[in-house]
Amino acid sequence: MLFDRPRAVNVDLQTDATLQVDISDALSERDKVKFTVHTKSTLPNFKQNEFSVVRQHEEFIWLHDSFVENEEYAGYIIPPAPPRPDFDASREKLQKLGEGEGSMTKEEFTKMKQELEAEYLAIFKKTVAMHEVFLCRVAAHPVLRKDMNFHVFLEYNQDLSVRGKNKREKMEDFFKNVVKSADGVLVAGVKDVDDFFEHEKTFLLEYHNRVKDASSKSDRMIRSHKSAADDINRIASTLYTLGTQDSTDVCKFFLKVSELFEKTRKIEARVAADEDLKLADLLKYYLRESQAAKDLLYRRGRALVDYENANKALDKARAKNKDVLQAETSQQVCCQKFEKISESAKQELIDFKTRRVAAFRKNLVELAELELKHAKGNLQLLQSCVGVLKGDT
Amino acid sequence: MAAEMEPPPLGDAGQTDFREIEDGEGFFVSTVTILESPEPSSPDPPSMPAEGISTNGPKQEDISLDDDPEDLFAEATEEVSLDSPEREPILSDGPSPAITPVTPTAMLTPRMGLGTAEMFERSLDEVSSWVKLTSMTIFSKNETTVRRRFSDFLGLHSKLASRYLHIGYIVPPAPEKSIVGMTKVKVGKEDLSSAEFVEKRRSALERYLMRTVKHPILLKDPDVMMFLESSELPRAVSTQALSGAGILRMVNKAADAVNKMTIKMNESDAWFEEKHQQFENLDLQLRKLHASVECLVCHRKELSVNTASFAKSAAMLGNSEDHTALSRALSQLAEVEEKIDQLHQDQAYADFYLFSELLGDYVRLITAVKGVFDHRMKTWSKWQDTQLLLQKKREAESKLQFANKPDKLQQAQDEIKELEGKVQQGEKDFELISKTIRKEVSRFEKERVKDFKVVIIKYLESLVQTQQQLIKYWEAFLPEAKAIA
């Protein structure tokens with residue numbers, strides 16, 4: 001399915017000519033989506049300057065997980081994985097519509113079908129955007145962009161044979177997460193000497209929770225908005241029928257208002273869609289990013305605990321004068337690891353803030369501008385209709 | 001023939017007074033001032049100032065009384081008293097359909113307000129809800145205030161219905177009883193839903209009364225006069241839902257429904273056939289529309305609640321954001337959303353009180369119209385039955401001619417004479433009801449057109465206002481968002 005869309009970026013990214021990645025096309029098949037990942041690069045690592053491969057969602061997840069599991073990247077905020085494409089709700093609605101075709105008029109059916117198709121398309125565009133943002137984040141990161149797996153992902157034009165996790169692996173993941181959160185609590189309890197990190201820890205914890213809340217509340221608000229727009233749609237249809245049936249003067253009113261509501265409800269639907277894009281998606285994205293930042297802090301915290309434990313072990317060894325060398329090496333390793341993570345983490349967190357502020361600014365400005373545009377459009381339609389109707393009485 | 005008078009700019013012009021009810025009794029308090037003004041053909045045409053509406057007292061015009069009550073010229077004002085600092089009864093003047101005169105003569109524009117109040121129990125079986133009507137009698141210029149219970153309204157309707165429906169007059173239906181709603185208020189639940197219920201009922205009673213007094217025939221009815229003027233009304237007991245009279249009503253309704261199905265009328269008049277079909281179609285579509293608008297009201301209320309909830313959440317997020325400018329912008333966003341939630345709530349009120357209630361009223365009105373058509377069918381049926389009976393008696397009489405039974409013959413001839421009279425009456429009744437219905441339908445349609453036109457414009461204007469506010473809010477927010485550095 002070829003389509004033209006502007007880059008939906010929730011993140012303000014520097015793109016430079018050395019490596020540019022985008023998703024140039026996407027195809028929605030029965031239960032999967034095939035993304036065409038298009039790369040333009042001047043880097044010597046690649047065989048060509050411009051090439052494309054087809055990837056599916058699982059392969060994105062594989063790439064993300066490979067970053068997470070790589071110890072070298074412990075000190076970076078790993079760009080959050082894109083969510084799984086979910087067309088179930090939309091598909092279900094289309095199916096229900098097909099079943100109920102007999103119970104509504106042809107116009108109603110065509111209208112609703114168009115609605116649902118537009119909805120499907122919107123979800124589709126969103127999922128493409130989210131997968132693209134992930135790749136762009138990786139491409140923009142000074143270290144991650146050099147990752148071997150990333151290059152394979154971009155270039156290898158065969159199937160990566162990445163199968164989804166089987167049941168056992170999923171169970172393992174589940175337990176790993178349980179352990180991690182328990183550990184996380186322990187680690188979080190350790191007070192950090194460094195003010196910067198201590199502040200970041202407190203900040204991120206609270207921020208993450210509040211973004212989560214705001215995200216779900218914004219979703220609910222937008223859903224109500226869509227419902228109201230749907231109601232106006234139905235009202236417009238019934239008014240039209242009334243207008244055609246009525247033999248009195250008021251039929252003009254019904255027809256004019258029906259026409260008006262057809263137009264205003266399209267605008268209302270657009271308002272809901274834009275709010276979704278600029279507000280809800282923004283919040284969802286920063287929910288995931290703040291989680292990734294939290295994960296970084298956890299890893300650093302973990303390294304700190306390891307370092308402190310190694311120190312204690314070294315002291316003990318020196319006191320007993322037993323396995324001192326071993327303890328010393330171990331302590332050095334831990335120290336290096338900790339310091340490495342701390343150094344890059346600081347920069348990552350500062351960048352995170354910069355990105356966040358820029359993204360919010362961009363989206364809030366665009367949100368306000370779109371709301372204004374739609375309200376003005378609505379107003380004009382309403383006022384002109386009122387003018388016509390008042391002139392008629 | 002008097003030209004159509006310019007209607008007074010009612011509605012928005014009036015002020016609503018808010019008075020505390022001192023005596024601590026809770027009841028609906030509303031004042032309806034019905035002023036009289038001379039008919040247009042009089043030498044000093046009244047100016048109908050808008051300001052006069054909200055105050056009390058008649059104007060400087062002379063009262064010239066006419067024998068024909070259809071020339072009654074009236075203008076009403078309202079005062080609303082509120083006990084609690086609730087939201088104003090929104091659009092207390094809005095939904096009133098009687099903004100413009102039907103004919104040059106009868107112009108009644110009462111705007112009654114029923115204040116919210118605590119209900120108090122007057123008697124164990126009924127909660128008093130009093131409506132204070134200030135009415136001016138035809139003969140005096142004084143303003144009188146009367147108190148009416150909800151059941152009084154129902155009683156009035158019941159009397160009017162029994163008197164006028166079967167001869168073809170479209171009697172406006174009264175608002176429905178709501179056991180759930182009343183119980184909540186009775187129990188003293190001081191929450192938003194009981195306040196809304198009181199307001200909904202007040203508004204419905206106002207519209208009901210308006211439609212009734214706008215009807216030139218009904219206005220003349222002594223019960224209506226008494227309702228508007230006399231200080232004490234006999235309690236209308238038979239309006240209780242579960243009373244004996246109530247049960248009887250239900251039984252009669254069921255019987256009617258069955259009878260309707262068995263009457264097969266030879267419609268000779270195409271007009272009636274056409275109109276009947278039209279009203280059927282109108283009924284169907286209005287019900288559908290009403291249901292959709294009710295959905296819209298519901299979703300808009302939901303939207304308001306969800307927006308408020310999001311606003312709080314955004315404020316929290318702004319608090320925890322450690323970049324100063326962004327934090328401030330998020331707080332501003334929260335404020336904007338809070339204002340918008342109020343906007344949605346207001347719009348939902350407009351959706352309801354302007355649009356939804358009008359549709360509900362008309363769905364019920366059309367039921368009354370269909371009832372009137374049914375009565376015509378019944379009248380026809382009665383006439384036909386009498387005719388058949390006459391025929392049978394004539395046949396019997398001709399048979400008796402040959403039998404030698406002079407007594408029986410005389411009796412038969414007497415009966416025939418009586419029946420002939422009845423048949424004539426039946427035909428007259430049928431023609432009368434047909435004529436009345438034609439007039440009524442024509443008046444009804446005119447009213448309907450006017451009502452819908454007025455309400456549609458008002459509703460659209462409410463939508464305009466909402467959009468204008470939205471623009472204001474977002475325009476104020478935009479620089480804040482841009483200021484994030």
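Guide: Begin with a loop. A:Asn321 sits in the loop between α7 and α8 of chain A, where helices (H or I, at least four residues) and strands (E, at least two) are DSSP runs numbered from the N terminus. The phi of A:Asn321 is near 55 degrees, a positive value in a residue other than glycine. In that loop between α7 and α8 of chain A you also find A:Asp323, which has a positive phi of about 55 degrees although it is not a glycine.

Visitor: What should I know about the numbering and the model itself?

Guide: This is a predicted model, in which local features need pLDDT of at least 70 and side-chain atom pairs count only at pLDDT 80 or more, while totals for chains, interfaces and linings use all residues. Residues are numbered from 1 along each chain as its sequence is written, chains are lettered from A and ligands numbered from 1 in the order in which they are written, and side-chain values use heavy atoms, with hydrogens and water left out.

Visitor: Does A:Asn321 count as buried or exposed?

Guide: Buried means under 20% relative accessible area, exposed over 50%, and partly exposed in between, with a 1.4 Å probe and protein chains only. A:Asn321 counts as exposed because its relative accessibility is 64%. A:Ser90, in helix α2 (residues 88–99) of chain A, is buried, with a relative accessible area of 1%.

Visitor: Which residues is A:Ser90 in contact with, leaving aside its neighbours within four places in sequence?

Guide: Contact means heavy atoms within 4.5 Å. With those neighbours left aside, A:Ser90 contacts A:Leu116, A:Glu119, A:Tyr120 and A:Ile123. Take A:Phe109 in helix α3 (residues 106–140) of chain A as another case: it counts as buried at 15% relative accessibility. Beyond four places in sequence, A:Phe109 is in contact with A:Leu97, A:Glu101 and A:Met104.

Visitor: How do I read a nonpolar core?

Guide: It is a set of buried Ala, Val, Leu, Ile, Met, Phe, Trp, Tyr and Cys residues joined through side-chain atoms within 4.5 Å. The largest one here has 137 residues, and A:Phe261, A:Phe360, A:Leu364, B:Leu286, B:Leu460 and B:Trp474 touch the most other members. Helix α9 (residues 324–402) of chain B gives the most to this core, with 25 residues. A second, separate core of 29 residues includes A:Leu19, A:Tyr73, A:Tyr120 and A:Leu135. As for B:Leu460, its contacts beyond four places in sequence are A:Val257, A:Leu260, A:Phe261, A:Leu382, A:Cys385, A:Val386 and A:Leu389.

Visitor: And the empty space inside?

Guide: Rolling a probe the size of a water molecule over the atoms shows where empty space is left. On a 1 Å grid over the protein atoms alone, a cavity is a set of points where a 1.4 Å probe fits but cannot get out, and lining residues have an atom within 4 Å of a point. Of the 30 residues lining the largest cavity, A:His225, A:Glu268, B:Arg300, B:Gln467 and B:Leu470 are the closest to its centre.

Visitor: How do the lining residues of the largest cavity divide into nonpolar, polar and charged?

Guide: Ala, Val, Leu, Ile, Met, Phe, Trp, Tyr, Cys and Pro count as nonpolar, Asp, Glu, Lys and Arg as charged, and the others, Gly among them, as polar. The lining of the largest cavity has 16 nonpolar, nine polar and five charged residues.

Notes: On a 1 Å grid over the protein atoms alone, a cavity is a set of points where a 1.4 Å probe fits but cannot get out, and a pocket is an open set with protein on both sides within 12 Å along at least five of seven lines; lining residues have an atom within 4 Å of a point.
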